[in-house]
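Here is a short briefing for a reader who is meeting this structure for the first time. Please keep the sequence and the model in view while reading the points below.

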Amino acid sequence: MRRLTVGVILLTVVTLVGLWTAPLAMAQEQPRRGGVLRVALAADPPSLDAHQEQTFAVTQPMSAVYNNLVVLDPHNYPKIVGDVAKSWKVSGDHLTYTFTLHEGIKFHDGSELTSADVKASWDKVVFPSAGVISPRRGNYQMIKSVEALDRVTVVFRLHHPSPALMTSLAHPANFIFPKKHLDTDPHYFKTRAVGSGPFKLKNYVRGSYVELERNPDYWKKGLPYLDGVTYFIITDTSARTTALRSGRVDTELRFLPPVDVHTIKQQLGDKVVAAKIQSIGTFGVTVNAGKKPFDDERVRKALTLAIDRYDAVKTLSSITNLELIGGVMHPESQWALSQAELEKLPGFGRDHAANLREAKRLLAEAGYPNGFKTVLTNRNIKMPYVDLAVYLISVWKKIGVDAEHRVEETATWSQSRLNRDFELLIDPYGSTTVGDPDEMLDKFVTGQPENWGRMSDPVLDDLFSLQSKEMNEAKRIQLVKEMIKRILTKAWRIEGLWTTRLEVRTARLRNYEPMPSHWNNRRFEDAWLAAK
Amino acid sequence: MRRYILKRVLLMVPTLLGVALVVFLLMHVVPGDIALLILGAGEQGGDVNLSELAKVRHNLGLDRPLYVQFFSWVWGIVRLDFGNSLWTGAPVIEELRIRFPLTLEVAVFATLVSTLIAIPLGTLAAIRQDTWVDYIVRVISIGGLAIPNFWTGILLILFLVIYFQWSPPLVFVPIWEDPWENIKQLFWPIVTVGYRNAAVSTRLTRSAVLEVMREDYIRTAWAKGLREFLVVVKHTLKNAMLPVITIIGAELAFLMGGLVVTETVFTLNGLGRFIVDAILRRDIPVVQTMVLMTAFIIIFVNLIVDLLYAWLDPRISYGAHRAGQR
Amino acid sequence: MAQVMREGPMSLTTPQLTAVAAGRRWAGTRAWPAIRKFIVAKPLGAAGGVIILLMVLTAIFADVLTPYDPYTVNQRVQFTAPSLSYWFGTDEFGRDVFTRIVYGARVALFIGLLAAFVGATAGALLGVVSAYLGGRVDLYLQRLIDVMLAFPLLILALAIVTVLGRSIPNVILAIAIPIIPRTARIVRSNAMSIKENMYVEAARAVGGSHLWVILRHIIPNVMAPYLIMLTAQFGNAILVEASLSFLGLGTAEPTPSWGLMLSGSALSYAEKAAWLAVFPGLAISLAVFGFNLFGDSIRDALDPKLRHRS
């Protein structure tokens with residue numbers, strides 16, 4: 001009898017629970033077909049060939065028109081997943097990567113995508129012919145050759161093992177173009193778009209908009225759900241904010257200042273989702289180690305000690321995208337030092353009064369008891385370049401360093417940087433993929449192009465080349481941490497703050513999660529717009 | 001006189017060349033070039049590889065000696081080939097053609113609006129000089145001038161978006177295709193620019209009318225007792241309009257430059273914003289072409305103005321009785 | 001940009017006859033009684049003069065007027081609304097807005113006065129020389145002026161600012177240069193008609209040197225249009241600086257300049273902290289307003305033809 005009662009109660013409970021969750025399960029929405037996603041694009045694309053350009057303004061709109069070999073998984077960052085590649089195998093010595101492609105992939109003009117197209121596209125990136133630009137070529141130095149073995153097999157051979165290879169291959173700009181057009185004219189895709197992607201290029205009015213429409217014959221059956229995506233070119237930040245507020249666009253896919261996001265949220269409330277994303281970027285000061293007095297380690301240390309980063313975060317996070325404190329590698333990554341380790345290094349200690357005293361002492365020891373005058377060269381963008389500089393200048397005044405703020409517009413600033421024509425330089429760096437140490441740390445290596453400050457530390461050079469070939473991640477992390485400690489102890493670079501980014505999108509957009517870099521996840525092949 | 005006109009027209013050529021040369025030199029003296037920007041020097045992750053930089057510069061023809069670059073561009077002009085944009089690779093003329101209708105429309109309508117406001121207001125202020133009517137008109141027009149032009153645009157946009165959740169359409173549609181959509185986008189920029197120009201033109205009209213009103217023949221008409229209205233309309237306006245119209249004509253040319261800020265603030269894909277972008281990017285062929293065209297208009301209009309004044313005032317003359325020629 | 005440069009009560013292509021007439025007849029007047037008469041007859045102009053005076057006093061006594069420093073960053077008081085301790089509120093760095101406005105008067109006056117003075121004076125000299133020497137010299141100098149007129153301010157500003165840096169003297173230079181051809185044109189037409197006058201011919205006949213003739217006869221007669229341009233361009237220079245800052249080619253942070261304050265923080269924070277936009281905007285508008293009112297009335301006063309019917 002009791003058993004029956006228990007059974008009935010159990011049954012009732014299960015049924016009730018079932019009835020309760022069932023609607024929830026069914027409420028797991030079904031993708032809705034249709035709708036055009038309207039995006040505010042922050043800059044003007046120079047051409048449509050992402051291989052040859054170095055701006056998100058090309059990769060953002062054109063990602064939806066093409067496929068890549070491999071990509072960062074849009075729903076599972078930082079996993080790398082195949083796009084046209086179905087699977088891949090790595091040889092035991094890590095020198096050969098064999099990719100097997102999907103079959104039946106068609107370009108928009110009906111022709112089939114084969115390994116020949118993959119090879120031709122990758123040759124363009126890694127071994128560009130004369131006259132073809134490949135701005136990211138430096139990331140692929142380890143690739144010896146790319147071969148098309150048969151219709152669905154592509155082989156990458158390397159010079160040496162490289163733990164960074166897969167993430168480099170997954171860079172969003174590495175579109176697969178049809179070989180036949182590349183053969184006739186490598187610049188063909190600067191003005192035309194023939195890809196295999198979920199959308200086709202419908203119309204491009206320079207300075208105004210890029211309009212994409214659905215590819216009904218997309219090889220991933222059933223996709224995409226959207227009818228189209230339109231990118232409106234709006235270069236002024238306030239104008240982008242206005243367009244979002246008035247509903248002229250649905251989303252902005254780069255970043256907006258915190259104040260603007262706040263205003264949008266106030267006006268649109270739940271209709272809009274403001275996502276704060278851990279991007280991988282940092283703004284700090286590159287010191288010209290070749291110029292006096294910055295060749296003196298004590299002077300560099302003094303400059304970094306004078307900055308109370310915990311106060312800086314309070315001041316700057318409400319007005320800029322600078323929010324995190326970290327050293328050299330992203331603070332939330334596996335490469336970062338722990339908070340305890342960090343606080344032992346100059347500039348990250350909590351006792352600011354002591355830091356200031358130490359800074360003044362170091363300056364006096366180095367021969368500058370009353371400080372000195374210098375020039376801080378900067379780029380002409382308020383958030384966060386100019387804002388950071390205003391803060392640093394006011395802070396350095398306290399130790400007697402009088403920094404004149406030399407603000408230059410982009411072309412001039414990049415020339416100053418290239419010519420090493422600066423004493424102190426506000427200089428960001430970061431990653432458009434996962435923040436691999438190869439990408440982030442090569443600026444600290446002697447003679448590398450991004451080593452703007454011309455610093456040279458043989459110990460760091462050795463550490464870098466070791467970690468670059470170390471396939472065991474735990475060992476690699478150790479090497480990287482060594483580098484970080486040394487860079488910060490010797491103050492080769494004056495760390496600033498790390499960025500987050502605020503991405504605003506309509507709440508109607510489903511099945512889409514932003515990634516750290518605004519370059520990524522712009523294919524929208526399985527995203528959809530809800531009715532409300 | 002005819003020889004003078006001929007001389008001036010012929011002198012236009014070296015003048016324009018002079019402008020082109022100065023611009024060219026300045027753009028090359030200024031540090032930084034477009035190759036750096038193409039290689040993403042401003043973006044995170046921009047790896048400015050020196051060999052890639054050299055490649056880009058070579059592709060764009062930037063490594064040729066300066067005189068070669070300049071003369072090949074000039075030679076192109078003679079054949080009506082204004083070169084290609086260094087940023088997009090498209091012909092400069094095509095880039096200009098995309099943006100020209102919008103800027104032209106705003107310029108023309110703004111001038112129209114400002115003229116329609118300025119002439120009646122300015123005349124009124126002149127007739128009632130030093131009365132409260134005059135004061136009000138002058139205060140309003142000076143007030144209109146004093147407010148920074150980008151400010152009014154921004155305040156306007158803010159007002160519209162805060163209270164009406166509305167902002168103008170983002171894409172330009174020519175007025176003959178869809179007039180309503182066109183007006184939706186361009187109404188507020190036209191009003192902003194036109195309002196400002198109205199302020200200027202009002203004051204100019206006022207002084208021009210004042211001028212003419214003091215002429216003896218006008219005073220005679222007053223004395224004779226002709227109705228004020230007739231006097232004003234028939235005699236005063238006719239003569240006063242000449243300088244006003246020439247001013248308006250000249251303003252039209254400068255309008256193009258003045259639209260820079262308005263187009264930025266209202267997100268219009270027009271020539272004003274385009275030349276700013278081109279200058280900041282060091283897109284030299286675009287800059288040179290646009291400067292040349294603007295210079296041509298300005299110099300041409302100045303010539304017309306000078307001739308008109310010689311016609312108007314026989315005391316100033318060119319040619320045989322040229323002042324100063326001994 | 002170029003459009004902004006075209007403002008002024010006696011705009012550049014205004015009847016040159018007026019300038020000529022003003023120049024002729026003003027040669028005889030005395031200064032002091034004229035000033036008194038001015039205040040009475042032109043209350044608007046006097047009001048403008050008062051505004052200018054206020055601005056000058058504010059600039060001179062800036063450090064007395066405010067206890068704060070325009071540069072110190074203070075996180076604790078970021079975005080404070082106007083209050084007793086911070087009359088105009090604080091900005092995104094916690095800097096007192098009133099202080100920055102007051103020190104900004106120095107920058108505005110310095111830029112406005114100097115740019116207008118340098119530009120107008122250089123232009124006037126150019127105009128006088130061109131008119132006096134006449135003939136071929138005049139023809140070619142005029143073409144040079146045409147080139148200067150046709151040259152876009154933006155490129156000039158960019159060139160100066162990128163090569164020489166974004167300092168205040170360089171901004172002044174960038175603003176002054178376009179004023180030169182505009183003043184030159186007006187002054188030249190004035191000087192040209194004066195040359196026609198008999199007394200100039202007479203002075204030369206008597207044996208006066210070129211220089212003497214220029215100084216004694218021509219220059220006094222071009223004072224009117226010169227002063228008119230000068231006062232017109234004061235206010236204009238301030239506006240141009242604001243526009244240049246808006247485009248990133250004018251003064252740079254942390255300089256307290258009204259134009260920079262208006263273009264930088266004001267826009268993004270307009271809704272959160274309206275005082276950031278209102279006060280610099282008011283300051284600029286008031287200054288330009290004052291200069292233009294004043295200049296307008298000077299112009300009216302100097303042109304006897306336009307004196308009130310009496």
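Predicted model: local features only at pLDDT ≥ 70, side-chain atom pairs only at ≥ 80, totals over all residues.

**Strands and helices in chains A and C**

Ala85(A) has Leu101(A), a residue of S5(A), as its bridge partner.

**The antiparallel sheet of chain A**

- Strand S4 (residues 85-90) of chain A pairs with strand S5 (residues 96-101) of chain A in the antiparallel sense, and five bridges connect the two.
- These two strands, S4(A) and S5(A), form a hairpin in which five residues lie between them, and in the turn His94(A) has a positive phi of about 60 degrees.
- S5(A) is also joined by five bridges to strand S7 (residues 153-158) of chain A, and this pair runs antiparallel; here Thr96(A) stands opposite Arg157(A), which belongs to S7(A).
- Taken together, four strands of chain A make an open sheet with antiparallel pairing, in the order S4-S5-S7-S6.
- From one strand to the next, the twist averages 20 degrees.
- Helix H3 (residues 115-126) of chain A packs on this sheet and touches S5, S6 and S7 of chain A, while its direction makes about 165 degrees with that of S6(A).

**Parallel strands in chain A**

- Strands of a sheet pair through backbone hydrogen bonds, and the pairing may be either parallel or antiparallel.
- Strand S15 (residues 372-379) of chain A and strand S16 (residues 401-408) of chain A run parallel and are joined by eight bridges, with Glu404(A) in S16(A) as the bridge partner of Val375(A).
- Together with helix H12 (residues 382-397) of chain A, the strands S15(A) and S16(A) make a right-handed β-α-β unit.
- S15(A) pairs in the parallel sense with strand S17 (residues 424-430) of chain A as well, over two bridges, and the bridge partner of Leu376(A) in S17(A) is Leu424(A).

**A helix in chain C**

- Helix H6 (residues 97-133) of chain C has 37 residues, so at 1.5 Å a residue it should span 54 Å, and this agrees with the 52 Å between its end C-alpha atoms.
- At Gly104(C), H6(C) bends by about 25 degrees.

Conventions:
Residues numbered from 1 in each chain as written. Chains lettered and ligands numbered in written order. Expected span 1.5 Å × (residues − 1). Bend = angle between axes of the 7 residues up to and from the residue. Pairing = 2+ DSSP bridges. Axes fitted to C-alpha atoms, helices over the stretch in contact; angles between N-to-C directions. Contact = placed C-beta atoms within 7 Å. Right-handed = clockwise from strand over helix to strand, strands pointing away.
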